[in-house]
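Biologist: Before we discuss this protein, could you show me the model and tell me how its terms are defined?

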Amino acid sequence: RAQDLLYSIDDVRRLSDAQAQAQVPEQIRQEAAVWKQKILSGETNPAEDKEYGVFKAKMSAITELGETAKDLNYINYVDLGPLGEAIYQSGKGKRVYLVIDEIEKGREELMTGILDEIENLTFTVGETGTVVKGDKKNLRIVITTNTEDSDKIPPSFRRRSLYHFVDYPSRTDMAQIIDLNFSPVMELSSTSLLPG
């Protein structure tokens, strides 16, 4: 789905944190129940009882080490997808280039959904109500497709696109590409690697 390119919620991590929050050792639970009873019955004054101070320190350590105070708010579990991150960063004033390679391999619903998100450059994280806004002047989206498969792209998508056809590199261009990428490592001449 196009929304998956915007964001996802890490429910597994949130569930794990919720379970960690609930995990207090049984011995400490029993000790807490005893102290609660003593305090409610007036047997002890928590402000003056040194043993209670020791117990309270143990509880504080469990809270910190066991992540019992973990904030389970959904905002802490939002993972932005590539399109969502690009929209977010563009809205923060950063120049962003997003490449979507071979888009024709996706379903038509995905392409249409992406088109909607690109046109709006605004989305809401439903679980938190957070609105993320992008800035069109800071965002460039490059989509690649193979010429023979371009008919698989919906007409509505093609109408809103600028086309640039890239020919296969010539022998000279290919040699330059190889030199730029491998010249420090390779001893062979790049032209000897080319056919013909």
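Modeller: Contact here means heavy atoms within 4.5 Å. The model is predicted, so local features need pLDDT of at least 70 and side-chain atom pairs count only at pLDDT 80 or more, while totals for chains, interfaces and linings use all residues. Residues are numbered from 1 along each chain as its sequence is written, and side-chain values use heavy atoms, with hydrogens and water left out.

Biologist: Why is Gln89 called buried?

Modeller: Buried means under 20% relative accessible area (exposed is over 50%, partly exposed in between, with a 1.4 Å probe and protein chains only); Gln89 has 18% relative accessibility, and therefore counts as buried. Gln89 belongs to helix 5, a helix being a DSSP run of H or I with at least four residues, numbered from the N terminus. Leaving aside neighbours within four places in sequence, Gln89 is in contact with Lys94 and Val96.

Biologist: Which residues does Leu139 touch, not counting those up to four places away in sequence?

Modeller: Leu139 touches Ala86, Ile87, Ser90, Val96 and Leu121 on that count.

Biologist: What makes a set of residues a nonpolar core, and which members of the largest one touch the most others?

Modeller: A nonpolar core is a set of buried Ala, Val, Leu, Ile, Met, Phe, Trp, Tyr and Cys residues joined through side-chain atoms within 4.5 Å. The largest has 21 residues, of which Leu6, Tyr7, Ile87, Ile103, Phe123, Leu139 and Phe157 touch the most other members. Among the elements that give two or more residues to this core are helix 5 (82-91) and helix 6 (108-120).
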